Every structure is written in C-alpha cells, then in structure tokens.
Amino acid sequence: MAGKPKRISEFTPEMYRQAATEHMGSLQSLYDNEEFVLAAYVSGLAVECLFRAYRSRIGPEFESRHDLYELSKEAKFADVVPAKSLAKYESNLGVVATRWSNSHRYRTEDALRRLLKRRQFDRRIKGDFLKENVRLMVSASSDIVTLGAHVWTSKYGA
C-alpha cells in the first residue's frame with residue numbers, strides 16, 4: 001500500500017505576503033480601540049505571515065511553526081534586509097518575538113498582563129504597561145512588515 005500523499009499547502013507565498021499587509025491594516029484600529037490582546041496577537045501574526053511568505057519561496061515544509069525567531073531564520077529573512085536596516089530589524093524582531101505567542105488568541109487582558117509581568121515587561125514603564133508593550137509591538141511589527149513588503153516588491157515584483 002502506498003504512503004499517504006504529501007499535502008501541498010493551499011497558501012502561496014503571495015497569499016502569505018498579502019495577509020501580512022492586510023493584518024497590518026487592522027492593527028492601529030485595534031490599538032486605538034484599546035483591544036490590546038487582539039492587537040498583540042495580530043502584530044505577531046502579521047510578522048509570522050511575512051516570514052511564511054519568504055519561507056514559502058524556499059519550499060513548502062516548515063519546521064518552526066509559530067516561533068518567530070526560528071521562522072525568520074528558516075525564511076532567511078535577515079539575508080534580504082539591507083545592511084543599513086539590519087540593526088533596526090533585529091531590534092524590532094526582538095520586541096515582537098519576546099512579547100508574542102500564538103496562544104495570545106486565547107488570552108484575556110488580565111492573562112496577557114500577568115504574562116508580561118512574569119516576563120518583566122512591566123519594568124521601567126510609567127502608566128499602563130500593557131498599553132505600552134502593545135504599542136511597541138504594533139510599531140515594531142509595522143516596521144518589519146513594511147520592510148518585508150518593500151524588499152518583496154523590489155525583489156519579486158507584485
């Protein structure tokens with residue numbers, strides 16, 4: 001009996017790239033409406049979609065799943081970042097990757113506050129540390145997706 005055929009993903013690199021851009025379009029509205037948990041989740045999701053777009057151009061198999069650091073490595077994203085933008089990209093990736101989890105989609109606002117506090121992201125922040133951390137995530141993910149979309153356009157067209 002023959003083995004199960006490999007399932008080929010219905011998601012193309014271009015679909016992932018478009019999803020990243022569309023998700024970015026929702027972020028500021030979520031943040032402005034103080035939907036901080038969803039804004040935190042979507043900020044990481046947008047970056048994940050972008051990395052999946054670049055990774056899918058290499059091949060259909062993914063090892064890293066929802067780990068943004070690992071997915072960025074698999075996608076070889078740093079290789080396409082212009083040298084003058086590399087330090088900022090790495091800093092932005094650190095902001096998003098250390099605060100994001102795919103499980104944010106299940107969290108309440110209180111649960112996200114507890115997680116950020118446990119990870120010590122409440123330190124040195126005056127005022128609402130949840131709001132500030134999500135602001136940082138929204139800004140950093142926006143920079144990453146904007147950079148990735150610019151490189152994509154210059155490298156692949158579209």
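This is a predicted model: local features need pLDDT of at least 70, side-chain atom pairs count only at pLDDT 80 or more; totals for chains, interfaces and linings use all residues.

Me: Where does Ser139 sit?
Reply: In helix α7, which covers residues 129–156.

Me: And how far is Ser139 from Gln28 in space?
Reply: 9.2 Å, C-alpha to C-alpha. In sequence, Ser139 and Gln28 are 111 residues apart.

Me: Switching to helix packing. At what angle do α6 and α7 pack?
Reply: About 80 degrees, with the axes 10 Å apart. Angles of 65 to 115 degrees count as roughly perpendicular, so α6 is roughly perpendicular to α7.

Me: Which residues make that contact?
Reply: From α6, Glu109, Leu112, Arg113, Leu116 and Lys117. From α7, Phe129, Leu130 and Asn133. By type, the residues of this contact are 4 nonpolar, 1 polar and 3 charged.

Me: Now the largest nonpolar core. Which residues touch the most other members?
Reply: Phe51, Tyr54, Phe77, Tyr89, Val134 and Ile144. The core has 47 residues.

Me: Which helix gives the most to this core?
Reply: α2, with 14 residues. Helices α1, α2, α3, α4, α5, α6 and α7 each supply at least two.

Me: What is Phe77 in contact with, leaving aside neighbours within four places in sequence?
Reply: Leu50, Phe51, Tyr54, Ser72, Tyr89, Ile144, Leu147 and Gly148.

Terms used. Residues are numbered from 1 along each chain as its sequence is written. Side-chain values use heavy atoms; hydrogens and water are left out. Helices (H or I, at least four residues) and strands (E, at least two) are DSSP runs, numbered from the N terminus. Axes are lines fitted to C-alpha atoms, for helices over the stretch in contact, and angles run from 0 to 180 degrees between N-to-C directions. Angles under 35 degrees count as roughly parallel, over 145 as roughly antiparallel, 65 to 115 as roughly perpendicular and the rest as oblique. Contact means heavy atoms within 4.5 Å. Ala, Val, Leu, Ile, Met, Phe, Trp, Tyr, Cys and Pro count as nonpolar, Asp, Glu, Lys and Arg as charged, and the others, Gly among them, as polar. A nonpolar core is a set of buried Ala, Val, Leu, Ile, Met, Phe, Trp, Tyr and Cys residues joined through side-chain atoms within 4.5 Å. Buried means under 20% relative accessible area, exposed over 50%, partly exposed in between (1.4 Å probe, protein chains only).
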